[in-house]
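Here is a short report on one protein chain. Look at the sequence and the structure first, then read on.

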Amino acid sequence: MKIKAQKTPMKRSGVPRNSINVWSVQCGNCLKWRTIPTQEEYEEIRRKFVEDPFVCSKKSNTSCNDPADMEYDNSRVWVVDKPNLPKTPPGFHRGLVLRKDFSKLDCYYIAPNGRKLRAGTEVASFLKENPEYKDLTTSDFSFSVPKVMFDTIPRDVANVEAKVESSGGSK
């Protein structure tokens, strides 16, 4: 299962720099890419992807005969997500941010009270401190991050990375 991330040049309208701003899935039949309008819809597809793979007909007014919504290329940075991760609990927001060096994504959750949770231990503390979320457990949250598809990162970044690796230097 793949999703697409596009590096955004600056923080606007509450979207962090380098965050994912396009959600897409690949049809299990025709292998065409279909955009998903919201993160919530995307997470619902991802949550049950193994037992209920996505096909074009699940998207309204779409079939495998229609052109792809997008093509896998290096016009954007693409990342591959893992299937069957839990859907973000209601009231929370799951964010993924691409590191400046394009090496990986970092995951965090924003709790309903605005607190940023960056690890499972922080989620556990939050749930313990807030008994109104007693129906949630740490297993309702996943800090698993998608894998960056290095063939789609900008050439200038790829060239810098290659030079650092070939010289034996570190980042």
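## Terms and model

Two strands pair if DSSP finds at least two bridges between them. Helices (H or I, at least four residues) and strands (E, at least two) are DSSP runs, numbered from the N terminus.

This is a predicted model, in which local features need pLDDT of at least 70, side-chain atom pairs count only at pLDDT 80 or more, and totals for chains, interfaces and linings use all residues. Residues are numbered from 1 along each chain as its sequence is written, and side-chain values use heavy atoms, with hydrogens and water left out.

Strands β5 (residues 93-98) and β6 (residues 105-110) run antiparallel and are joined by six bridges. Within this pair, G95 stands opposite Y108 of β6. The two strands, β5 and β6, form a hairpin. Six residues lie between them, and F102 in the turn has a positive phi of about 65°.

Strand β6 also pairs with β7, again in the antiparallel sense, over two bridges. Here Y109 has L117 in β7 as its bridge partner. Strands of a sheet pair through backbone hydrogen bonds, either parallel or antiparallel.

Strand β2 covers residues 23-26 and strand β3 covers residues 33-36. They pair in the antiparallel sense over four bridges. Q26 stands opposite W33 in β3. This pair also forms a hairpin, with six residues between β2 and β3. In its turn, L31 has a positive phi of about 65°.

## S60 and T62 in a loop

S60 is in the loop between α1 (39-47) and β4 (77-80). T62 lies in the loop between α1 and β4 too. Which of the two is buried, and which exposed? S60 has 59% relative accessibility, so S60 counts as exposed. T62 has 15%, so T62 counts as buried. Buried means under 20% relative accessible area, exposed over 50%, and partly exposed in between (1.4 Å probe, protein chains only).

The side chains of S60 and N61 make a polar contact of 3.5 Å. A polar contact is a pair of N or O atoms within 3.5 Å; within protein, one must be able to donate a hydrogen and the other to accept it, and residues adjacent in sequence count only if both atoms are side-chain atoms. The backbone oxygen of S60 lies 3.0 Å from a polar side-chain atom of T62. Beyond its neighbours within four places in sequence, T62 is in contact (heavy atoms within 4.5 Å) with R34, C56 and S57.
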